Amino acid sequence: MSQEWNIRSRGHVCSFCQKPLVDRAPVVSALKESADGYERFDCHPECWKTADRDWEPFSQWDGVYFAPVKEEKKEPLKKEDAGEILRQLITLDDPAMKNVVYVLAVMHERSKILGERDAKEQPDHTIIRVYEHRKTGESFIVLDPRLRLENLSSVQQEVLALLSGTKTLGEVSSAEESQSDAEQAAPPETETTA
Ligand SMILES: [Zn+2]
């Protein structure tokens with residue numbers, strides 16, 4: 001499961017015709033499952049319709065392409081780019097952090113940093129959710145572990161500690177690890193808590 005956590009940046013040329021995507025024009029984005037995660041496609045809507053494809057997308061959504069904005073030189077780099085901790089966490093790929101990753105993604109979605117693009121239920125009833133960063137267009141593939149409601153507030157506290165810098169990733173990871181050991185005996189819950 002863990003190798004399915006993934007980040008994919010948005011392309012700037014069409015994946016099929018290789019011509020540039022047009023600023024503020026519609027774009028079709030898709031994820032294709034591959035051996036080492038997901039391959040992302042971004043393309044002109046016409047190309048998506050007409051291109052020869054011998055595969056079905058894992059996920060597909062319509063969006064609007066925005067050309068990258070050149071950073072203003074005078075503005076100092078923000079200490080905390082929105083989504084940066086999530087990016088680090090996904091890259092870290094630590095199974096003990098799966099609840100933290102998910103809660104952080106949901107918080108970013110609520111504050112409009114991310115938009116949810118797709119959700120796929122897995123045979124074990126977890127859900128793979130595809131989020132897109134509204135500013136950079138990156139896709140974040142996040143496992144929704146179907147958190148139990150009684151565990152939600154402790155995870156939220158860990159996330160807030162991370163965001164405020166009072167805890168490091170390592171500290172949160174070991175706290176989550178001992179938490180998940182304690183949960184091993186708990187019976188599964190079918191209701192979603194999102
Ligand atoms: Zn094209």
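In this predicted model, strands β2 and β3 form a hairpin, with 2 residues between them. β2 covers residues 25–34, and β3 covers residues 37–43. The two strands run antiparallel and are joined by 7 bridges. Ser34 stands opposite Gly37 in β3. Lys32 has Glu39 of β3 as its bridge partner.

β2 also pairs with strand β4, residues 59–65. This pairing is antiparallel too, and it runs over 7 bridges. Here Ala25 stands opposite Tyr65 of β4.

Along the sequence, the pattern reads β-β-β-α-β-α-α-β-β-β-α-α. Contacts across the sequence were also counted. Of the contacts with a separation of 6 or more, 60% link residues 24 or more positions apart.

A second sheet was found in the chain. It is open and has 4 strands in the order β1-β7-β6-β5, with antiparallel pairing. Its edges are β1 (6–8) and β5 (114–121). Each of these edge strands has a single partner strand, so one side of each lacks a neighbour in the sheet. Neighbouring strands of this sheet are turned by 25° against each other on average, direction ignored. Within the sheet, β5 and β6 (residues 127–133) pair in the antiparallel sense over 7 bridges. Leu114 has His133 in β6 as its bridge partner.

Helix α2 (residues 84–92) packs on this sheet. The helix touches β1 and β7 (139–144), and its direction makes about 125° with that of β1. Helix α3 (residues 98–110) lies across β5, β6 and β7. α3 runs at about 125° to β7.

The largest nonpolar core has 34 residues. Those with the most contacts inside this core are Val100, Val101, Leu104, Ala105, Phe140 and Val142. Several elements contribute to the core. β2, β3, α2, α3, β6, β7 and α4 (149–164) each supply at least two residues. The largest share, 7 residues, comes from α3. The core also draws on both domains, taking at least three residues from each of domain 1 (8–69) and domain 2 (71–181).

Phe140 shows how parts of the chain meet. Leaving aside residues up to four places away in sequence, Phe140 touches Ile7, Leu86, Ile90, Ala105, Leu114, Tyr131 and His133. Two of these contacts, Leu114 and His133, are themselves bridge partners.

Ala96 is placed in the loop between α2 and α3. It counts as partly exposed because 16 C-beta neighbours lie inside 10 Å, whereas a buried residue needs 20 or more. Ala96 touches Ser173, Glu176, Glu177 and Ser180, not counting residues up to four places away in sequence. Ser178 lies 82 residues from Ala96 along the chain, yet their C-alpha atoms are separated by 8.9 Å.

The other two residues have a positive phi. His125 sits in the loop between β5 and β6. Its phi is about 75°, although His125 is not a glycine. With 13 C-beta neighbours inside 10 Å, His125 counts as partly exposed. Arg146 lies in the loop between β7 and α4. Its phi is near 55°, again a positive value in a residue other than glycine. Arg146 is partly exposed, with 18 other C-beta atoms within 10 Å.

Key. Residues numbered from 1 in each chain as written. Predicted model: local features only at pLDDT ≥ 70, side-chain atom pairs only at ≥ 80, totals over all residues. Pairing = 2+ DSSP bridges. Axes fitted to C-alpha atoms, helices over the stretch in contact; angles between N-to-C directions. Contact = placed C-beta atoms within 7 Å. Core = buried A, V, L, I, M, F, W, Y, C linked by C-beta atoms within 7 Å. Buried ≥ 20, exposed ≤ 12 C-beta atoms within 10 Å, placed from the backbone. Domains from an automatic or database assignment.
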